[in-house]
Amino acid sequence: MQNDGLTGLLTFEEFVSQAGAVICAHNKPYIVAAGDIGDFHYININYGYDVGDAILCDIAEFFRMFVPNAVLCSRTHSDHFLLLVNIEDIDSERVLREVKRLKEVAKDIISKRVKGVSPNLNIGINFIDGEETNIVAAVDKANIARRVGKGNYNLPCVVYSEHLMDIKENSAKILPIFDDSFRNESIRVYLQPKISSETQRIIGAEALSRLVDSNGNIIPPSNFIAALEKTGKIVELDFYVLSFICKLIRKWINSGIEPITISFNLSRMHFYSNTLVEDIIRLTEEHNVPPQYLEIEVTESVFFEAQEMIISKVNALRDYGFKVSVDDFGSGYSSLSLIGVLPVDVVKLDKSFVRESLKSERGNELMRGLINILNEIDLEIVCEGVETKEEESIVNKCGCDEIQGYLYDKPIPTDEFEHKYIKA
Ligand code: C2E
Ligand code: MG
Ligand code: MG
């Protein structure tokens, strides 16, 4: 029997052969689960390969000993694992609950070896019945689901379905469109105003990107951000946007206009670069843009992993004079204790959180309480997704400083934005 030399788990070939035999012999429902450790290369690079190896052995041991009903476990390569789990008498909801629990335990195991780092386990699941004969295809499907869920901290795991194939095909179509637009400098940068609740005047804007297909149709970020994150091209996009807004702000300054602060989104992928801080500073200096006119939005989930490393980079960016905001707060596993340690200036309450809170009196209370706490520690608050006057009035009563939502404007092309909001 073939085993992986490091962890003692089955090799891929052995897994496939044994899984075929097990399923054929028992004719019961199973799941194939494919997992990998999020950002494992970061651990190897920063803590050394010995630590990386020790973590792989810990996780292997954990899978072997503590996953209920696991029949087979394999490490196929690097930090990639496969499990075959018997789910006879277990409904799919319980499977998902179990996965969530196991992920939490795995996080603890990893963070014991690397203080301050608690990476997410990415897990894809494929439900199979006792008739399944093509094990390699079943594993492929679990892996497709695993990749689709990468970086999404709100999901315990992704379950394979035919619909995921559409997402995969979409990625294949998007990348050439992005490459062309990047080369031709034709990525669109839209701006959405942020409005002061007190004065109802514009006090800033967020830059949001759009792609355009060959028929001239606008492609929204929901159709391309995930694909760009998976390939690392998101780094090119974000620097493109930053450079675009730097040129715009420089143009305003040259025309004697006092600029508003423009925020841009910085994907989590950037934080692996050792030159992130220098790269951002160099770009703004090239355009001679004072840092107070730029705000960097980082989604809250970024702070769940490698906290010390992220915090030190965010500190360096703030020390230089950029504002930093936590984006999408309230969309995932937000924690108030996290906000306490984050070196940020602004908290952007996610539109889903805002919408939910506005639905009930209790929700309003919760939002008021949260905003009070954030105000106490001198954080600016932006409420996203405000669409009606009524919502605005509730949000104002809760003490929110700034509003970004369709009530005032959608993200619009920059020339339209200048026409509406920037007075020469
Ligand atoms: P985000 O950074 O949270 O941006 C706010 C999103 O909320 C925008 O969606 C905006 O159009 C939408 N929004 C604002 N007000 C309302 C409202 O009242 N109602 C509704 N229904 N939606 C509202 P958009 O432009 O589709 O962008 C989606 C996400 O894609 C952004 O969320 C951001 O995370 C990401 N994104 C967009 N452009 C970039 C980029 O250049 N780089 C990176 N890394 N991410 C980007
Ligand atoms: Mg944002
Ligand atoms: Mg947001």
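Eight aromatic pairs turn up in this predicted model. One of them joins Tyr42 and Tyr47: the ring centres sit 6.4 Å apart and the planes meet at 75°, so this pair counts as edge-to-face. Tyr42 is buried at 9% relative accessibility, while Tyr47 is partly exposed at 31%.

| Aromatic pair | Centre to centre | Angle between planes | Kind |
|---|---|---|---|
| Tyr42 and Tyr47 | 6.4 Å | 75° | edge-to-face |

Lys410 lies over the face of Tyr406, 4.9 Å from the ring centre.

Now step back to the overall layout. The protein splits into domain 1, covering 12-160, and domain 2, covering 168-421. Between the C-alpha centres of these two domains there are 34 Å.

What lies between the two domains? The largest nonpolar core is made of 109 residues, and Leu349 and Met367 are the ones with the most contacts inside it. Helix H8, residues 234-254, is the top contributor to this core, giving eleven residues. Both domain 1 and domain 2 supply residues to the core, so it lies between them.

Next, have a look at the strands. An open sheet is built from five of them, in the order E2-E3-E1-E4-E5, with mixed pairing. Its edges are strand E2 (70-77) and strand E5 (158-159), each of which pairs on one side only. Strand E4, residues 121-128, runs parallel to E5, and two bridges link them. If you want to find this spot in the structure, go to Gly124, whose bridge partner in E5 is Val158.

Finally, the metals. Which residues coordinate the magnesium ion (ligand 2)? Its donors come from Glu206 (OE), Asn265 (OD1), Glu297 (OE) and Asp327 (OD), at 2.0 to 2.3 Å. Along the chain, these donors follow the spacing E-x58-N-x31-E-x29-D. Two of them sit in strands: Asn265 is in strand E9 (residues 261-265) and Glu297 is in strand E10 (residues 294-299), so this pair ties together parts that are 32 residues apart in sequence. Their surroundings can be described as well. Asn265 is partly exposed, with 25% relative accessible area, whereas Glu297 is buried at 1%.

The magnesium ion (ligand 3) is 4.0 Å from the magnesium ion (ligand 2), and Asp327 coordinates both. That makes Asp327 a handy place to start when you want to find the two ions on screen.

Technical notes. Residues are numbered from 1 along each chain as its sequence is written. Chains are lettered from A and ligands numbered from 1 in the order in which they are written. This is a predicted model: local features need pLDDT of at least 70, side-chain atom pairs count only at pLDDT 80 or more; totals for chains, interfaces and linings use all residues. Side-chain values use heavy atoms; hydrogens and water are left out. Donors are N, O and S atoms within 2.8 Å of the metal (3.2 Å for Na, K and Ca); water is not among the atoms, so sites may look incomplete. Helices (H or I, at least four residues) and strands (E, at least two) are DSSP runs, numbered from the N terminus. Buried means under 20% relative accessible area, exposed over 50%, partly exposed in between (1.4 Å probe, protein chains only). Rings of Phe, Tyr and Trp (its six-membered ring) pair if their centres lie within 6.5 Å; planes under 30 degrees apart count as stacked, over 60 as edge-to-face and the rest as tilted. A charge sits over a ring if NZ of Lys or CZ of Arg is within 6 Å of the ring centre and within 35 degrees of the ring normal. Domain bounds come from an automatic or database domain assignment. Two strands pair if DSSP finds at least two bridges between them. A nonpolar core is a set of buried Ala, Val, Leu, Ile, Met, Phe, Trp, Tyr and Cys residues joined through side-chain atoms within 4.5 Å.
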